[in-house]
Structure formats: structure tokens, C-alpha cells
Amino acid sequence: MQEKDKREYAAARGNIYRLLSTAFSKELTPETLKIFRGEEMAEILKDFGDGLGNEFYRRDEKELLSALAEEYAALFILPGGVNPTESVARSGLYMQAYAGQALKFYKKCGFVLADDFKGFPDHIGTELELMSHLSKNEAAAYEKNFGDEIKKWIEFQKEFLQNHLSQWALTFAKDVAAYARQSFYREMAKLLYEFMLSEMGELAIEGDNIKI
């Protein structure tokens with residue numbers, strides 16, 4: 001693969017991570033809904049999913065946002081849903097060792113949380129945002145032709161996937177796909193699942209082999 005192709009590939013991966021982070025971090029807004037109704041998302045789903053369905057694109061915006069907000073709460077906030085934090089997924093409790101490990105890793109690779117950040121550092125949305133940060137820095141290193149920098153950002157990605165996302169993201173995606181009623185969260189879960197498998201295969205990382 002040519003350097004230009006590697007740069008474009010890393011940038012494209014960063015965009016997918018960013019979109020997935022946006023989907024799972026919090027409820028959609030009118031601004032983020034436009035992103036998911038756009039052509040970029042449709043193209044991504046051609047490769048990784050079945051599409052969001054005509055209703056997602058034709059439904060009244062306010063009505064759709066209300067339905068998606070209700071779904072988000074049912075899935076990720078209220079009891080009985082799918083907990084979106086690594087600590088709960090892997091140990092059953094909030095803010096366990098995985099959260100501290102994630103924070104240390106963020107500091108090591110220069111990923112800075114917003115000053116007003118009040119969530120969990122091991123939330124799926126934050127971990128996916130971190131991977132977007134790493135992928136985009138890899139793309140920037142290709143553009144500058146900095147060999148050591150390229151290797152560093154790739155190794156960061158491999159380390160975080162190996163120690164964190166590969167250990168719980170597939171199960172999270174499977175559960176979301178099973179519980180979701182709205183096509184949006186069901187397809188985002190499938191996209192997450194397929195993309196994680198692709199990333200793990202690319203970087204030779206083994207995970208929990210969960211079938212969706």
C-alpha cells in the first residue's frame with residue numbers, strides 16, 4: 001500500500017471511530033442527526049451494515065430525535081439496559097481498575113478530556129473517541145513522512161485495542177443489537193461489531209469471538 005493510501009486509510013478509520021463515538025456517547029442532537037443522515041454514513045454502512053432503513057431518513061426530525069432519546073435512555077442509562085462502561089462490563093462495578101488504566105493511557109498518548117468532562121473515562125464513547133484520536137495522528141504522521149511517529153501511533157492503537165476494546169466491545173455490540181428497537185442503534189451496534197473485528201484482524205489481536 002502506498003503512503004498516500006495508508007494515510008487515507010488511517011484517516012477513514014479515524015472517521016468511523018468518531019462516528020461510532022458520537023452514536024454511543026450521548027443522545028443525538030439535530031446537528032449530529034444530520035451527520036448520520038448524510039452520505040458518508042450511508043457509504044460506511046454499505047460496507048459494514050444493512051442500512052438504517054427508509055423510516056430513519058423520512059421520519060420527522062423532532063419525532064425521530066424524541067424516539068432516539070427514549071431509546072438511548074432505555075439502552076444505556078436506565079436499569080435493565082446495556083451498561084456502556086468497561087469497568088461494569090468486565091468487573092460488574094463502576095470506576096474499577098480499567099477506568100484508571102484508561103486515564104493513564106489517555107495521558108500517555110496526549111488524549112485530553114474536556115475540562116467539563118463528568119462522565120466515565122472508560123465509557124464506550126470515550127474509548128472510541130480515543131481510537132479516533134490515535135488513527136488521525138497516524139494519518140498526520142504519514143502526511144509528514146515521520147516513520148517513528150507512524151510506528152508510535154500504530155503501537156498505541158494496538159495496545160489499547162488489545163488491553164481494552166477487544167476485551168468487551170464485541171459483547172457490548174452484541175447486547176445492544178439484541179435489545180435495540182430503533183434501527184439506528186441496532187445498525188450502529190452491528191457497525192461497531194464488524195469494525196472491531198476488522199480492526200482486530202488488521203492488528204492481529206484476538207478477542208472474545210462473540211457472534212452477533
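These legends describe close-up views of a predicted model.

**View 1. Helices H1 and H8 pack against each other.**
Two packed helices are described by the angle between their axes and the distance between the axes. Helix H1 covers residues 3-25. Helix H8 covers residues 124-144. The angle between H1 and H8 is about 165°. Their axes are 8 Å apart. Angles over 145 degrees count as roughly antiparallel, so H1 is roughly antiparallel to H8. The crossing of the two helices is left-handed.

**View 2. Arg59 takes part in salt bridges with Glu55 and Glu63.**
The side chain of Arg59 meets that of Glu55 at 3.7 Å, N to O. Arg59 also forms a salt bridge with Glu63. Here the closest N and O atoms are 3.0 Å apart. How accessible is Glu55? Glu55 has a relative accessible area of 56%. Exposed means over 50%, so Glu55 counts as exposed. Glu63 has a relative accessible area of 44% and is partly exposed.

**View 3. A salt bridge joins Glu159 and Lys108.**
The side chains of these two residues meet at 2.9 Å, N to O. Glu159 lies in helix H9, which spans residues 147-163. Lys108 lies in helix H7. The pair therefore ties together parts that are 51 residues apart in sequence.

**View 4. Arg13, Glu138 and Glu199 form a network.**
Salt bridges link these three residues. Look for Arg13, then find Glu138 and Glu199 in the network.

**View 5. Tyr94, Met95 and Phe120 make a nonpolar surface patch.**
The area of this patch is about 290 Å². Where does Phe120 sit? Phe120 lies in the loop between helix H7 (97-108) and helix H8 (124-144). Its relative accessible area is 30%, which makes Phe120 partly exposed. Met95 is in another place, the loop between helix H6 (86-91) and H7. Met95 is partly exposed, with a relative accessible area of 46%.

**View 6. Met95 and Asn145 have positive phi values.**
Neither residue is a glycine. For Met95 in the loop between H6 and H7, phi is about 50°. For Asn145, phi is about 60°. Which loop holds Asn145? Asn145 lies in the loop between H8 and H9. Its relative accessible area is 57%. Exposed means over 50%, so Asn145 counts as exposed.

**View 7. Glu27 lies in the loop between H1 and H2.**
Helix H2 covers residues 30-36. Glu27 is partly exposed, with a relative accessible area of 38%. How far is Glu27 from Leu197 in sequence and in space? The two residues are 170 residues apart in sequence. In space, Glu27 and Leu197 are 25 Å apart, C-alpha to C-alpha.

Definitions and conventions:
Residues numbered from 1 in each chain as written. Predicted model: local features only at pLDDT ≥ 70, side-chain atom pairs only at ≥ 80, totals over all residues. Heavy atoms only, no water. Patch = residues over 30% accessible without salt bridge, like charges linked within 9 Å, V, L, I, M, F, W, Y side chains within 5 Å. Areas by Shrake-Rupley, 256 points an atom, 1.4 Å probe, with all protein chains shown as cover. Salt bridge = Lys/Arg side-chain N within 4 Å of Asp/Glu carboxyl O. Helix = DSSP H or I, 4+ residues; strand = E, 2+ residues; numbered from the N terminus. Buried < 20%, exposed > 50% of the residue type's maximum accessible area, 1.4 Å probe, protein only. Axes fitted to C-alpha atoms, helices over the stretch in contact; angles between N-to-C directions. Parallel < 35°, antiparallel > 145°, perpendicular 65-115°, else oblique. Left-handed = near helix turned anticlockwise from the far one by under 90°.
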